[in-house]
Number of protein chains: 2
Amino acid sequence: MSGGRNLTYGLLDQLGRAIVVGRYDAAVFPTEAALAKQYGVSRSVTREAVKMLTAKGILTARPRKGTTVQPAGQWNLFDPDVLRWLLERKFSPELLRHFNELRIAIEPAAAALAARAGAPKTVAEIAAGYTRMVDAAAGHDEPLAADIAFHLAVLRASANPFYAQFQDLVATALRTSIRFTSGLDGHAASLPQHRAVLTAIQAGDADAARRAMATLIDDVLEKIAVAEAVAA
Amino acid sequence: MSGGRNLTYGLLDQLGRAIVVGRYDAAVFPTEAALAKQYGVSRSVTREAVKMLTAKGILTARPRKGTTVQPAGQWNLFDPDVLRWLLERKFSPELLRHFNELRIAIEPAAAALAARAGAPKTVAEIAAGYTRMVDAAAGHDEPLAADIAFHLAVLRASANPFYAQFQDLVATALRTSIRFTSGLDGHAASLPQHRAVLTAIQAGDADAARRAMATLIDDVLEKIAVAEAVAA
DNA sequence: ACAAGTCATTTATCTGATATATTCAGTCGG
DNA sequence: CCGACTGAATATATCAGATAAATGACTTGT
């Protein structure tokens with residue numbers, strides 16, 4: 001049905017989605033024996049899938065009490081799997097707004113750090129991302145892929161491993177933002193803004209880099225606010 | 001030796017620490033059979049511990065190829081376990097700086113969101129945290145615990161689940177910062193700054209809340225910079 | 001030299017038994 | 001009537017051993 005790399009990953013995926021979508025919000029989570037029978041797999045596979053979900057903060061297991069779903073606040077939202085499950089089943093303008101409320105905190109700060117301490121090699125990757133965006137505007141590259149490459153390069157150039165952790169989230173946010181930013185029109189318009197970010201980082205101007213990135217994401221947030229208002 | 005809740009969690013902890021400290025940077029990671037023999041546990045326990053580490057992005061396993069350590073960039077640094085292993089064995093002023101470089105991005109933005117959209121109940125928690133800090137200054141409460149309570153309340157009041165994810169990291173950063181901020185003297189001095197954050201949030205002044213929180217953390221970053229310079 | 005097939009190694013999966021922890025109900029003593 | 005203790009029930013935890021599947025290395029035939 002939903003086969004992953006193997007039975008364990010397939011079950012992990014099915015259970016993760018089912019939990020995130022809320023199938024067990026009211027019902028009690030099945031015991032490992034019940035799960036094994038229900039999905040037609042052995043207890044080993046069941047136990048390993050459950051253990052992975054506990055490692056992601058989604059489940060807990062205790063003798064006699066059984067396996068229970070953790071409150072959503074315990075879930076590790078920055079885990080790529082959890083993020084994917086969240087999007088596949090619970091996508092909403094509100095979730096997209098939450099994404100970008102985080103982006104507006106992280107990315108300007110990352111741009112500032114990149115301007116201050118970015119290694120030449122990583123800054124060159126930002127420049128390469130911008131070049132791809134220019135090519136894309138002329139029809140020679142994928143606009144979305146180029147945009148993502150630019151933003152991820154900034155995160156890496158921050159020289160702070162914690163900022164690099166947001167690459168998944170930012171890539172996801174950019175991919176899903178497409179549905180709200182009226183496609184590629186507004187995208188082409190943002191070329192000068194991206195250029196401003198790049199030149200500020202290359203010049204080592206942290207404040208300018210921060211401001212340029214902030215206005216870039218502010219525009220996205222405004223468009224989401226409009227979309228949320230329309231939906232309401 | 002290092003017993004956790006049970007054998008699986010004990011092995012998870014030992015392996016996690018060993019990997020994070022770099023014991024397998026050069027050496028190849030043992031096979032599941034070798035691990036089981038080495039730690040004197042069954043293959044089930046070994047496999048479940050390994051599966052949890054793969055869920056945290058630290059390991060991958062493939063038939064015939066064996067189990068291998070992932071590059072550090074793949075590790076889920078916001079996982080509480082990973083964070084703990086990182087600190088227990090690899091603590092450094094640089095790591096503390098990385099923590100606070102993230103805090104200066106997150107917490108001012110969280111304060112701004114709290115000012116704009118904070119629910120009265122969660123804002124009351126911030127006020128309660130501040131009250132605890134005042135009590136602590138008079139010797140009636142734990143200064144560190146009160147400080148942590150204040151900052152975590154701001155994160156929760158942001159009404160954005162992604163910001164709430166940083167509670168572990170901020171609590172950890174505050175606990176470890178003590179070693180560098182000359183104990184409680186500088187702490188008492190920051191009371192007015194915390195008050196400024198609180199009143200700005202209560203007044204709904206997002207920009208003031210952001211600025212007040214930013215100066216608060218900037219002070220910490222400055223002290224860390226001094227410590228790093230001294231160490232060099 | 002090259003392509004197909006064989007082999008060895010490691011994880012993946014299944015099965016069934018036993019151990020251990022925890023809750024719940026009941027019992028006994030005060 | 002209440003509190004502590006006791007035992008049964010039930011879930012996860014652990015062990016052991018066998019078989020399957022995947023994959024990289026090797027071998028062999030042309």
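This is a predicted model: local features need pLDDT of at least 70, side-chain atom pairs count only at pLDDT 80 or more; totals for chains, interfaces and linings use all residues.
Arg64(B) is among the residues that come nearest to DNA strand D, together with Asn6(B), Leu7(B), Thr8(B) and Ser42(B). In total, 20 residues are found around DNA strand D. By residue class, the surface near DNA strand D holds 7 nonpolar, 7 polar and 6 charged residues.

DNA strand C has its own surroundings, made of 21 residues. Those closest to DNA strand C are Asn6(A), Leu7(A), Ser42(A), Arg64(A) and Thr31(B). Here at least two residues each come from helix H1 (7–21) and helix H3 (43–55) of chain A, and likewise from helix H2 (32–39), E1 and E2 of chain B. H3(A) provides the largest share of the surface near DNA strand C, with 3 residues. The composition of this surface is 7 nonpolar, 7 polar and 7 charged residues.

Turning to the protein chains themselves, chain A contains 12 helices and 2 strands. Along the sequence, these elements of chain A follow the order α-α-α-β-β-α-α-α-α-α-α-α-α-α. The C-alpha trace of chain A spans about 60 × 40 × 30 Å along its principal axes.

Inside chain A, one helix pair deserves a look. Two packed helices are described by the angle between their axes and the distance between the axes. The axes of H5(A) and H12(A) (residues 206–231) come within 7 Å and cross at roughly 175 degrees. An angle over 145 degrees counts as roughly antiparallel, and H5(A) and H12(A) are therefore roughly antiparallel to each other. Their contact is made of 19 nonpolar, 1 polar and 7 charged residues.

How many residues of chain A are in contact with chain B? There are 24 of them, and they meet 24 residues of chain B. On the chain A side, H3, helix H5 (93–117) and helix H8 (161–164) each supply at least two residues. H5(A) gives the most to this side, with 8 residues. The side of chain A that touches chain B comprises 13 nonpolar, 5 polar and 6 charged residues.

Chain A is superposed on chain B by a rotation of 180 degrees with 0.0 Å of shift along its axis, at an RMSD of 0.0 Å. This is the relation of a two-fold axis. Because 100% of the interface residues of chain A are also interface residues in chain B, the copies meet through the same surface.

Methods: Residues are numbered from 1 along each chain as its sequence is written. Chains are lettered from A and ligands numbered from 1 in the order in which they are written. A residue is near a molecule or strand if its C-beta atom, placed from the backbone, lies within 6 Å of it. Ala, Val, Leu, Ile, Met, Phe, Trp, Tyr, Cys and Pro count as nonpolar, Asp, Glu, Lys and Arg as charged, and the others, Gly among them, as polar. Helices (H or I, at least four residues) and strands (E, at least two) are DSSP runs, numbered from the N terminus. Two residues are in contact if their C-beta atoms, placed from the backbone, lie within 7 Å. Axes are lines fitted to C-alpha atoms, for helices over the stretch in contact, and angles run from 0 to 180 degrees between N-to-C directions. Angles under 35 degrees count as roughly parallel, over 145 as roughly antiparallel, 65 to 115 as roughly perpendicular and the rest as oblique. Copies are superposed by least squares on the C-alpha atoms of residues with pLDDT of at least 70 in both.
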